[in-house]
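This report describes one protein chain for a reader who has its sequence and structure at hand. Please look over the structure before reading on.

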Amino acid sequence: METILIVDDEKNYLVVLEALLSPEGYEIVTADNAPSALRLIEGSDLDLVLTDMKMPGMSGMELLEECKKIKPEVPVIMMTAYGTIELAVEAMKKHAFDYITKPFQNEELKVTIRKALDNYRLVKENRRLSEALSERYRFSNIIGRSKPMLAIYDMIRKVAGSRAAVMITGPSGTGKELIAKAIHYESPRRDRPFVSVSCGALTETLLESELFGHEKGAFTGAVALKKGRFELADGGTLFLDEVGEMPPPLQVKLLRVLQEMEFERVGGTKTLKVDVRVLSASNRNLKETVADGLFREDLFYRLNVIHIEVPPLRERPEDIRLLVDHFIEKYKNDLGKEKIDLSPQVWKSFYGYLWPGNVRELENVIERAVVLNSGGVVELKDLPPEFSEKQEELDVDRFIPSDASLQETLEKIEEKMIRRALKLSDNVQSHAADKLGITKSLIQHKMKKYNILL
Ligand SMILES: Nc1ncnc2c1ncn2[C@@H]1O[C@H](COP(=O)(O)OP(=O)(O)OP(=O)(O)O)[C@@H](O)[C@H]1O
Ligand SMILES: [Mg+2]
């Protein structure tokens with residue numbers, strides 16, 4: 001719904017205009033002086049300002065100037081009863097969209113408003129298109145040719161065309177948001193907004209008004225009407241990041257919105273309908289959060305119609321080289337450096353490192369090394385200290401008695417490796433088996449043999 005702010009010091013006029021324009025399907029907000037109009041412009045998402053020229057205190061002309069400073073694209077239509085052509089010309093110079101003289105014909109006003117709103121929609125559409133154009137490179141910006149990444153590209157293409165909810169899980173820094181954007185920009189919704197909201201960063205009340213918006217005066221501090229992310233994402237995609245952190249009372253509300261695609265703003269009574277595709281991400285296994293009673297099962301199934309799991313970087317070492325090349329390319333250009341290589345020791349340390357921060361950490365390490373290296377070769381000293389910690393080779397002479405039996409020693413090592421793999425996989429047997437390169441039934445067999453209980 002398009003929102004129009006009407007500003008006039010004569011309250012009668014506000015009533016008349018609201019009665020005239022509401023039936024046209026616009027949402028009307030009013031102010032009877034320029035300073036409070038300005039606060040509304042600052043704090044809300046308005047599509048048009050219709051303002052009187054002469055007002056006590058701050059004039060319509062000043063309001064126009066201020067409005068162009070904070071929201072240059074929002075169209076402003078000037079109304080004046082004392083319309084001298086000079087004032088109108090001056091307003092047009094200051095980028096008013098148009099002016100009308102009081103008393104005006106209702107039709108004339110409606111047509112001018114329609115023109116301004118259509119124009120504004122086009123301006124926004126164009127901006128989004130050019131942003132989308134650069135964003136669209138992002139799909140090709142997902143780097144990696146490992147098997148799991150190829151499977152993910154395949155999945156992105158398959159799900160992009162549908163409206164199905166996709167949940168993306170994986171440890172921090174593995175590119176979940178990148179994948180969510182790729183789905184959006186590969187989808188028919190690409191020319192509509194991609195709106196992201198982080199569910200973990202806000203308190204329950206703030207998150208609620210962030211998602212659904214609020215009416216002016218809905219709570220202390222709600223000085224202006226605010227559209228929620230659901231409304232802003234209309235026609236496009238809403239990305240719920242860290243969705244597992246969402247407080248349970250909000251989960252109920254979210255479920256309803258997902259089912260019916262309608263909701264009310266906080267403090268509002270009007271029901272708004274939207275068309276939004278929902279993607280979500282979590283770096284925790286939400287099945288466990290469901291089992292612990294912290295995440296609603298019904299909501300989980302709504303969000304998890306399709307599941308994409310992004311493996312940690314250490315499980316796809318074949319992507320490291322491509323990522324390193326990509327990030328070197330990215331950062332060396334910033335510095336105007338020619339060519340940068342990694343020393344063999346650095347490569348070795350990269351393959352042995354566990355990358356707890358995944359691709360994000362790799363990117364940071366490269367950015368830093370590109371700055372610090374001298375002579376175009378990155379050495380261990382250009383990396384954070386954890387990369388220089390020596391990775392000892394298994395020293396048989398030191399650790400294994402010379403009279404040890406081969407069978408017993410191998411079994412001891414085997415048991416230790418299985419215990420460690422289980423620990424690193426949060427006791428998920430299939431993951432531990434994958435890590436060790438064995439089947440799930442084999443790991444179960446060995447667990448029985450060594451009496452390993454979970
Ligand atoms: N496969 C990849 N190719 C190129 N860049 C990547 C890749 N994966 C991640 N990145 C980069 O790493 C950084 C982190 O990615 P992103 O924000 O998508 O991760 P995330 O999984 O959402 O992390 P978090 O759980 O911490 O929010 C970004 O700068 C992103 O561009
Ligand atoms: Mg993220």
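## Charges and the model

In counting charges, Lys and Arg are taken as positive and Asp and Glu as negative, while His and the chain ends are left out. On this basis the chain carries 65 positive and 73 negative side chains. The centres of these two sets are 3 Å apart. The model described here is a predicted one.

## Overall form

The chain contains 19 helices and 16 strands. Its radius of gyration is 30 Å, while the globule rule gives 22 Å for 454 residues, so the chain is more spread out than a compact globule.

Of the 454 residues, 45% count as buried. The accessible surface of the chain is about 24000 Å², and carbon and sulfur atoms account for 52% of that surface. Among contacts between residues at least 6 apart in sequence, 69% join residues at least 24 apart.

## Salt bridges

The structure has 38 salt bridges. One of them joins the side chains of Glu-27 and Lys-270, with an N to O distance of 2.9 Å. Glu-27 belongs to strand β2 (residues 27-31) and Lys-270 to the loop between β11 (262-263) and β12 (272-273), so this pair ties together parts that are 243 residues apart in sequence. Are the two partners buried or exposed? Glu-27 counts as buried because its relative accessibility is 5%, whereas Lys-270, at 35%, is partly exposed.

Glu-65 and Lys-94 form another salt bridge, in which the closest N and O atoms are 2.7 Å apart. This pair links distant parts of the chain, 29 residues apart: Glu-65 is in helix α3 (residues 60-70) and Lys-94 in the loop between α4 (85-93) and β5 (98-101). Glu-65 is partly exposed, with a relative accessible area of 31%. Lys-94 also counts as partly exposed, at 24% relative accessibility.

Which side chain meets Glu-210 in a salt bridge? The partner is Arg-229, at 2.4 Å from N to O. Glu-210 is in helix α8 (residues 204-212) and Arg-229 in helix α9 (residues 229-232), so the bridge ties together parts that are 19 residues apart in sequence. Glu-210 is buried, with a relative accessible area of 14%, and Arg-229 is partly exposed at 25%.

Some salt bridges share partners. In this way Glu-27, Glu-215, Glu-231, Arg-265 and Lys-270 are joined into one network.

## A buried charge without a salt bridge

Arg-277 is part of strand β13 (residues 277-282). This residue is buried but has no salt bridge. The nearest side chain of opposite charge is Asp-275, 9.4 Å away.

What is Arg-277 in contact with, apart from its neighbours within four places in sequence? Its contacts include Val-159, Ala-160, Ser-162, Arg-163, Ile-183, Gly-236 and Leu-238.

Thr-112 is in helix α5 (residues 106-141) and counts as buried because its relative accessibility is 6%. Leaving aside neighbours within four places in sequence, Thr-112 is in contact with Ile-77, Phe-97, Asp-98 and Ile-100. The C-alpha atoms of Thr-112 and Phe-97 are 9.1 Å apart, and the two residues are 15 apart in sequence.

Leu-442 is in helix α19 (residues 440-449). At 33% relative accessibility, Leu-442 counts as partly exposed. Its C-alpha atom is 42 Å from that of Glu-367, a residue 75 places apart from Leu-442 along the chain.

## Backbone exceptions

Most residues other than glycine have a negative phi, and most peptide bonds are trans. The bond between Lys-102 and Pro-103 is cis, with omega about -5°. Pro-103 is in the loop between β5 and α5.

Met-261 has a positive phi, near 55°, and is not a glycine. Met-261 is in the loop between α10 (248-260) and β11, and is buried at 11% relative accessibility. Asn-451, also not a glycine, has a positive phi of about 60°. Asn-451 lies in the segment after α19 and is exposed, with a relative accessible area of 56%.

Definitions and conventions. Residues numbered from 1 in each chain as written. Chains lettered and ligands numbered in written order. Predicted model: local features only at pLDDT ≥ 70, side-chain atom pairs only at ≥ 80, totals over all residues. Heavy atoms only, no water. Helix = DSSP H or I, 4+ residues; strand = E, 2+ residues; numbered from the N terminus. Buried < 20%, exposed > 50% of the residue type's maximum accessible area, 1.4 Å probe, protein only. Salt bridge = Lys/Arg side-chain N within 4 Å of Asp/Glu carboxyl O. Contact = heavy atoms within 4.5 Å. Rg over C-alpha atoms; globule rule 2.2 N^0.38 Å. Areas by Shrake-Rupley, 256 points an atom, 1.4 Å probe, with all protein chains shown as cover. Charge placed at Lys NZ, Arg CZ, Asp CG, Glu CD.
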